[in-house]
Amino acid sequence: MSLDAVAVAQLRKERDELLQTTERLHLEHGVAREERDQALREHNDAQQKIGSLQAELGTTTTQRLGLSASLSG
């Protein structure tokens with residue numbers, strides 16, 4: 001086998017390895033984006049829950065203060 005043929009074979013092998021690496025990185029990137037999106041959804045759900053609980057606490061506090069004022073007045 002000539003040196004040119006050896007060089008071409010080596011370059012093809014390296015190209016194939018780079019293509020495989022590129023494909024793997026694209027897949028990993030997709031998985032990372034899915035995980036990020038899931039984390040954002042969970043964060044948003046938690047924020048909504050916190051907002052609901054804060055509103056509920058405010059309502060309960062207002063009701064108790066009103067009751068307390070009416071009992072003492």
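Modeller: We can start with Ser70, which is found in helix α1. A helix here is a DSSP run of H or I with at least four residues, a strand is a run of E with at least two, and both are numbered from the N terminus. This is a predicted model, in which local features need pLDDT of at least 70 and side-chain atom pairs count only at pLDDT 80 or more, while totals for chains, interfaces and linings use all residues. Residues are numbered from 1 along each chain as its sequence is written, and side-chain values use heavy atoms, with hydrogens and water left out.

Biologist: How many helices and strands are there in the protein?

Modeller: Helix α1 covers residues 3–72. Thr59 is found in this helix, and Ser70 is also found there. The count for the protein is 1 helix and 0 strands.

Biologist: Is Ser70 buried or exposed?

Modeller: Buried means under 20% relative accessible area, exposed means over 50%, and partly exposed lies in between (1.4 Å probe, protein chains only). Ser70 has a relative accessible area of 52%, so Ser70 is exposed.
For Thr59 the value is 44%, so Thr59 counts as partly exposed. The answer for Ser70 is exposed.

Biologist: What radius of gyration does the protein have?

Modeller: The radius is taken over C-alpha atoms, and the globule rule is 2.2 Å times the number of residues to the power 0.38. For a compact globule of 73 residues the radius would be near 11 Å. The C-alpha trace of the protein spans about 105 × 10 × 5 Å along its principal axes. The radius of gyration of the protein is 31 Å.

Biologist: How far apart in space are Ser70 and Leu19?

Modeller: Another pair, Thr59 and Gln20, is 39 residues apart along the chain, with C-alpha atoms separated by 59 Å. Ser70 and Leu19 are 51 residues apart in sequence. From C-alpha to C-alpha, the distance between Ser70 and Leu19 is 76 Å.

Biologist: What percentage of the 73 residues is made up of buried residues?

Modeller: Among the residues looked at here, Arg15 is partly exposed at 46% and Asp37 is partly exposed at 29%. Taken over the 73 residues of the protein, the buried share is 0%.

Biologist: How many salt bridges does the structure hold?

Modeller: A salt bridge is a side-chain nitrogen of Lys or Arg within 4 Å of a carboxyl oxygen of Asp or Glu. Asp16 and Arg15 form one, with the closest N and O atoms 3.4 Å apart. Arg36 and Asp37 form another, at 2.8 Å. With the bridge between Arg24 and Glu28, the structure holds 3.

Biologist: Why are Arg24 and Glu28 separated by about one helical turn?

Modeller: The side chains of Arg24 and Glu28 meet in a salt bridge at 2.9 Å, N to O. Arg24 is partly exposed, with a relative accessible area of 42%, and Glu28 also counts as partly exposed at 42%. Both lie in helix α1, and the separation is about one turn because Arg24 and Glu28 are apart by 4 residues.
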